[in-house]
Amino acid sequence: MYPIIDAHVHLDLYEPAMLEKLLQSCDLYRIQGLLTVSMNAESCLRNLRLKRQLPHAVFPAFGYHPEQAPPAEEDMENLFEWMDRHRDEMVAIGEIGLPYYMRKAAENRGEHFNDEPYLLLLERFVQLAVRLDKPVVLHAVYEDAERVCDLLEKQGAEKAHFHWFKGSGKTMARMMKRGYYVSVTPDVVYKPEIQAVVRAYPLELLMVETDGPWPFRGVFEGQTTHPRMIRESIRQISMLKGMPEQEAAMVLFENTRRFYNLPL
């Protein structure tokens, strides 16, 4: 059984009993790494505790998820200061990005949505990542990905991971040229849109994730999201790429290990 790294999961959002089961099952399913991303300051603290509980398998990213109201200035300053102090315990800065779904919901209600505060916050996070020499984990889909690419290039940020990516061929071509990585969730098994991303994007710039505990449909209907589902993703990716599953799995594993500089 080949090893797996879940390149994007919210471990701190699982119910405690389910989280304990998940962590205890890692060896059984050869899950060697869990990249747990953070939602806010409290989430960062929880993920840090998980890292200290299971340092050989849990690798946290610290940040502030964009699909929520921007933090107060004092809270944001405290978070930046805390992240700087804990720089050696995080493998990346994230989850950060732009509030695509919040903005679309507001527009559908006929409301104006000001995303300038989110752009300014994202710029500060990217600047911090460049200063600390850390990758960024990005929530940036469709047209937002173009704006994020502009910002990354402006700040000289080279290590970028666009999680659960959806976007145009033009945007993907730009991202490929810059060497940015994308990851796909288990919905690659049943969603043509995600399968198209896998067909277009080089395997050497792909990763696999669950975004758990987010639930999935298809063969995963009714199941609690678990990193073992990534095996179905890898099987689908190998078919889309026309190569043996084991070979695809090892490329995906090495991509993630190398990108995040994981001691695996």
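Trainee: Is the crossing where α6 passes α7 left-handed or right-handed?
Mentor: α6 passes α7 in a left-handed crossing. Keep in mind that this is a predicted model.

Trainee: Which residues of α6 and α7 make the contact?
Mentor: On α6 they are Ala145, Glu146, Cys149, Asp150 and Glu153, and on α7 they are Lys170, Thr171, Arg174, Met175 and Arg178. By class, that contact has six charged, three nonpolar and one polar residues.

Trainee: And at roughly what angle do the axes of those helices cross?
Mentor: Roughly 25 degrees, and the axes of α6 (residues 143–155) and α7 (residues 169–178) come within 10 Å. The angle is under 35 degrees, so α6 counts as roughly parallel to α7.

Trainee: Switching topic, how many residues are in the largest nonpolar core?
Mentor: That core has 79 residues, and Met83, Phe125, Leu138, Leu152, Phe162 and Tyr260 have the most contacts inside it. Helix α5 (residues 116–132) gives the most to this core, with nine residues. There's also a second, separate core of 13 residues, with Val9, Leu23, Ile31 and Leu54 among them.

Trainee: What does leucine 138 touch, not counting residues up to four places away in sequence?
Mentor: Leucine 138 touches Ile96, Leu122, Val148, Leu152, Ala160, His161, Phe162 and His163.

Trainee: Now valine 184: where is its place?
Mentor: Valine 184 is in strand β7, residues 181–184.

Trainee: Does valine 184 count as buried or exposed?
Mentor: Buried, because its relative accessibility is 1% and the cut-off is under 20%. Leaving aside neighbours within four places in sequence, valine 184 is in contact with Ile194, Val198, Met207, Val208, Glu209 and Ile237.

Technical notes: Residues numbered from 1 in each chain as written. Predicted model: local features only at pLDDT ≥ 70, side-chain atom pairs only at ≥ 80, totals over all residues. Heavy atoms only, no water. Helix = DSSP H or I, 4+ residues; strand = E, 2+ residues; numbered from the N terminus. Buried < 20%, exposed > 50% of the residue type's maximum accessible area, 1.4 Å probe, protein only. Contact = heavy atoms within 4.5 Å. Axes fitted to C-alpha atoms, helices over the stretch in contact; angles between N-to-C directions. Parallel < 35°, antiparallel > 145°, perpendicular 65-115°, else oblique. Left-handed = near helix turned anticlockwise from the far one by under 90°. Nonpolar A, V, L, I, M, F, W, Y, C, P; charged D, E, K, R; others polar. Core = buried A, V, L, I, M, F, W, Y, C linked by side-chain atoms within 4.5 Å.
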